[in-house]
Amino acid sequence: MKKSMFNLLFFLLLGCSSFSNSNDIKVIEMYSKGEFFGGEKKSPSKYSIIKFEKNVRIVFKDNDRLYLVPKIKIYTKDVLNEKGQVIDNIVVKQDTVMLIYAMMSGNKKGLLYTLENFRNEAPTFFEAEETVQDLTISNDDLKTFSYQLGTPSQVIKKNSEMVQKFAIKKTSIADADSIYRFYDSKLNDIVFSFSEQLDKENESKLFKTVFVYGKISKEKSMVNLEIPRRETVYKIKRIYNFDIDLYKEIFEKFSTDIKKLDLKK
């Protein structure tokens, strides 16, 4: 029964995982979603489940990278009282702007554009390493993907794919109860990595990790509150359908601006 349930979970979590190569430009989407329990120890009533979700498209060409991220732009209007003083503001319009963070591997700075105006606009600088961590995953969080968890309790292999399940010997109430690691050797050509160490050990790309946290009773929690079961998922997915001419044009614009601005490592 346990094995059949595990098989079902494998295919549900695996989702779309049949990938193929695409010319000299490769595109993936990185997605992360989950919940964590946070607040102030001195004030348990302020503890709550905090949800997070990130989605960024990453485009690779040689040593260059594009990170495409949607940003909501809100337009407001001041509300005045009888004396002409601002007492409030109201939202009158809301747009979604696609930001393009362009960078060259190894450079300390990158160039920021908007998808709508990149052809004509002057780019602005950003700090590459710090920005990449904000857009994807922090270096501290990235370390958790490479933890040595011992021998997996179950392993399933299917064609180029493999999933490992680990039952965790918890040393802290905050630790995950189980961790699932998903690999696909068809993604080995993708530069992005959650764990270069695990990719090398398994000769396959770690493309998804699921952290499962069991319910914690009120008596066992450190804040005298029941904490529900939670899952945190990190994954990458290869994108097939994209406008290759558009991305080439962005890379060309980036290359031209790098020379104009003398952007150095």
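The questions and answers below cover aromatic contacts, a surface patch and a hairpin in this predicted model.

User: How many aromatic pairs does the structure hold?
Analyst: Ring pairs are counted when their centres lie within 6.5 Å. One of them joins Phe145 and Tyr234. The count for the structure is nine.

User: Is the pair of Phe145 and Tyr234 stacked or edge-to-face?
Analyst: The ring centres of Phe145 and Tyr234 are 5.1 Å apart. Their planes stand at 80 degrees. Angles over 60 degrees count as edge-to-face, so the pair is edge-to-face.

User: How many residues apart in sequence are the parts that Phe145 and Tyr234 tie together?
Analyst: Phe145 sits in the loop between α3 (139-143) and β7 (154-158). Tyr234 belongs to strand β11 (residues 230-238). The pair therefore links parts whose separation in sequence is 89 residues.

User: Is Tyr234 buried or exposed?
Analyst: Its relative accessibility is 11%. Buried means under 20%. Tyr234 is therefore buried.

User: What is the geometry of the pair formed by Phe211 and Tyr234?
Analyst: The centres of these two rings lie 6.2 Å apart. The planes meet at 90 degrees, so the geometry is edge-to-face.

User: Which strands hold Phe211 and Tyr234?
Analyst: The pair ties together parts 23 residues apart in sequence. Phe211 is buried, at 9% relative accessible area. Its strand is β10 (residues 205-213), and that of Tyr234 is β11.

User: Which residues form one aromatic cluster?
Analyst: Tyr234 pairs with Phe145. Tyr234 also pairs with Phe211. The cluster is made of Phe52, Phe145, Phe192, Phe194, Phe211 and Tyr234.

User: Which ring lies under the charged end of Lys208?
Analyst: Arg181 has its charged end over the ring of Phe166, 5.2 Å from the centre. For Lys208 the distance to the ring centre is 5.2 Å. The ring there belongs to Phe182.

User: Is Ile74 buried, partly exposed or exposed?
Analyst: Ile74 lies in strand β3 (residues 64-80). With Ile72 and Val91, Ile74 forms a nonpolar surface patch of about 290 Å² accessible area. Its own relative accessible area is 47%, so Ile74 is partly exposed.

User: Which residue takes a positive phi in the hairpin of β3 and β4?
Analyst: Five residues lie between the strands of this hairpin. The phi value is near 85 degrees, and the residue is Gly84.

Definitions and conventions: Residues are numbered from 1 along each chain as its sequence is written. This is a predicted model: local features need pLDDT of at least 70, side-chain atom pairs count only at pLDDT 80 or more; totals for chains, interfaces and linings use all residues. Side-chain values use heavy atoms; hydrogens and water are left out. Rings of Phe, Tyr and Trp (its six-membered ring) pair if their centres lie within 6.5 Å; planes under 30 degrees apart count as stacked, over 60 as edge-to-face and the rest as tilted. Helices (H or I, at least four residues) and strands (E, at least two) are DSSP runs, numbered from the N terminus. Buried means under 20% relative accessible area, exposed over 50%, partly exposed in between (1.4 Å probe, protein chains only). A charge sits over a ring if NZ of Lys or CZ of Arg is within 6 Å of the ring centre and within 35 degrees of the ring normal. Patches are made of residues with over 30% relative accessible area and no salt bridge: like charges are joined within 9 Å, nonpolar side chains (Val, Leu, Ile, Met, Phe, Trp, Tyr) within 5 Å. Accessible areas come from the Shrake-Rupley method with a 1.4 Å probe; for residues, only the protein chains shown count as cover. A salt bridge is a side-chain nitrogen of Lys or Arg within 4 Å of a carboxyl oxygen of Asp or Glu. Two strands pair if DSSP finds at least two bridges between them.
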